[in-house]
Amino acid sequence: MKILITGAAGLVGRALVEHCLASHDEVLSYDHRALDIADADQVEAEITEKTPDAVINCAAWTDVDGCETDPKRAQDVNTLGPANLARACNKVNAVLVTISTDYVFDGRKEGFYTQRDSPRPESVYGRSKLEGERSVQLEHARAVIVRTGFVFGPAGKNFLSTIVERARRGEEIKAIGDVCGTPTYARHLAVRLRELAQLDLPGIFHVVNSGDGASYEEFARLALDLAECHGANLQVVTMSSLNRPAPRPRNSKLRCLLSAALGLAPLPTWQEGLKEFINPNVAKDTENSGIGA
Ligand SMILES: NC(=O)c1ccc[n+]([C@@H]2O[C@H](COP(=O)([O-])OP(=O)(O)OC[C@H]3O[C@@H](n4cnc5c(N)ncnc54)[C@H](OP(=O)(O)O)[C@@H]3O)[C@@H](O)[C@H]2O)c1
């Protein structure tokens with residue numbers, strides 16, 4: 001497949017480029033500097049010139065608190081950006097896979113959010129991503145929307161990806177105990193993103209690692225255990241004590257109604273993903289683990 005990947009220097013983008021190269025795709029990868037998805041003319045020129053079979057959009061403005069204070073930028077990148085890609089994909093009849101978020105939900109539900117739950121985002125970030133989903137569907141029928149959440153992996157700068165290195169530096173780790181989601185290893189997500197591009201079945205998919213989900217605290221405790229950081233300074237805090245500008249869903253666990261119905265194998269558990277992330281040398285190769293079958 002000839003795959004064009006945007007946001008290629010980010011947490012998910014890097015994992016996806018690596019996986020597609022290993023799968024012998026022709027990969028056209030663009031970091032932010034090489035392609036600004038908010039620039040409609042640049043997006044159209046690049047996609048109509050390169051005529052990829054698939055575009056996988058990993059670009060987004062993911063600074064949730066930043067979005068709260070700059071809604072215009074959030075809309076430019078997270079809403080207009082995917083819409084620009086969708087219009088250009090429509091011109092060259094390429095499948096578009098674009099990533100959305102668990103933050104489209106308000107977090108008040110007990111249990112897992114599926115595609116039957118109505119999104120009700122409470123943050124600017126969540127609203128900009130939901131509007132991105134909707135504008136993509138208006139612009140291009142051949143579009144796959146992938147909602148995910150709590151992503152961790154190499155090159156990640158978020159809490160989940162950096163706990164162990166911070167503990168090793170002797171820093172205090174503040175782990176939120178009253179917010180939970182479904183942790184998702186970027187490499188496992190990458191495998192499924194490529195698979196969905198190949199399947200070319202339009203719709204909204206929830207793609208997360210299997211299992212019951214976890215709070216940040218539960219995730220942090222297992223990460224520190226696996227990395228043998230037994231003396232780590234772990235402080236459990238509540239979300240409200242952090243006084244962050246943007247509201248976050250208290251529960252954003254996701255489950256997919258479509259994947260199993262289509263015969264897609266469940267992704268490994270997040271605990272397996274975390275083991276692989278922390279001990280890459282002893283982990284089995286994702287490519288051979290059956291999730292890409
Ligand atoms: N990480 C999570 O826990 C999580 C959870 C749910 C959903 N998601 C979604 O997953 C996708 C990938 O996120 P990620 O975790 O990989 O985030 P990330 O590490 O922040 O990567 C996003 C990339 O997009 C780039 N970017 C920002 N604005 C851009 C623009 N206008 N044009 C082109 N590129 C631009 C960023 O480059 P610069 O940094 O140079 O600006 C960055 O490299 C996003 O759609 C995100 O909403 C992530």
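Mentor: Helices (H or I, at least four residues) and strands (E, at least two) are DSSP runs, numbered from the N terminus. This is a predicted model, in which local features need pLDDT of at least 70 and side-chain atom pairs count only at pLDDT 80 or more, while totals for chains, interfaces and linings use all residues. Residues are numbered from 1 along each chain as its sequence is written, and side-chain values use heavy atoms, with hydrogens and water left out.

Trainee: Where is the place of glutamate 228, and is glutamate 228 exposed or buried?

Mentor: Phi of glutamate 228 is near 55°, a positive value in a residue other than glycine. Most residues other than glycine have a negative phi. The place of glutamate 228 is in the loop between H8 and strand E12 (234–237).

Trainee: Is phenylalanine 150 buried or exposed?

Mentor: Phenylalanine 150 has a phi near 50°, a positive value in a residue other than glycine. Its place is in the loop between strand E5 (143–148) and E6. The relative accessible area of phenylalanine 150 is 7%, so this residue is buried.

Trainee: Which residues touch the most other members of the largest nonpolar core?

Mentor: A nonpolar core is a set of buried Ala, Val, Leu, Ile, Met, Phe, Trp, Tyr and Cys residues joined through side-chain atoms within 4.5 Å. The largest has 53 residues, and those that touch the most other members are Phe159, Tyr216 and Leu274.

Trainee: Which helix gives the most to this core?

Mentor: The largest nonpolar core has 53 residues. Six of these residues come from the helix that gives the most, H4 (residues 71–92).

Trainee: How many residues are in the second, separate core?

Mentor: Members of the second core include Ala15, Ile56, Leu193 and Leu267. The size of this separate core is 30 residues.

Trainee: Which residues does alanine 197 touch, not counting residues up to four places away in sequence?

Mentor: Alanine 197 has its place in helix H7 and is buried, with a relative accessible area of 3%. Alanine 94 is 103 residues away from alanine 197 in sequence and 9.7 Å away in space, C-alpha to C-alpha. Contact means heavy atoms within 4.5 Å. Not counting residues up to four places away in sequence, alanine 197 touches Met1, Ala54, Ile56, Val95 and Val97.

Trainee: Why is the pair of phenylalanine 105 and tyrosine 113 stacked?

Mentor: Rings of Phe, Tyr and Trp (its six-membered ring) pair if their centres lie within 6.5 Å; planes under 30 degrees apart count as stacked, over 60 as edge-to-face and the rest as tilted. By this rule there are nine aromatic pairs. The rings of phenylalanine 105 and tyrosine 113 have their centres 4.3 Å apart, and the pair is stacked because their planes are at 15°.

Trainee: Which residues do ring pairs link into a cluster with Trp270?

Mentor: Tryptophan 270 is found in helix H9 (residues 270–278) and is buried, with a relative accessible area of 5%. Ring pairs link Trp270 into a cluster with Phe152, Tyr185, Phe219 and Phe277.

Trainee: How far from the ring centre of phenylalanine 112 is the charged end of arginine 255?

Mentor: A charge sits over a ring if NZ of Lys or CZ of Arg is within 6 Å of the ring centre and within 35 degrees of the ring normal. The charged end of lysine 253 sits over the ring of phenylalanine 112, 4.9 Å from its centre. For arginine 255, whose charged end also sits over this ring, the distance from the centre is 3.7 Å.

Trainee: Which backbone nitrogen does the side chain of aspartate 65 reach?

Mentor: Aspartate 65 lies in helix H3 (residues 64–69) and is buried, with a relative accessible area of 18%. A polar contact is a pair of N or O atoms within 3.5 Å; within protein, one must be able to donate a hydrogen and the other to accept it, and residues adjacent in sequence count only if both atoms are side-chain atoms. At 3.0 Å, the side chain of aspartate 65 reaches the backbone nitrogen of alanine 246.

Note on methods. Buried < 20%, exposed > 50% of the residue type's maximum accessible area, 1.4 Å probe, protein only.
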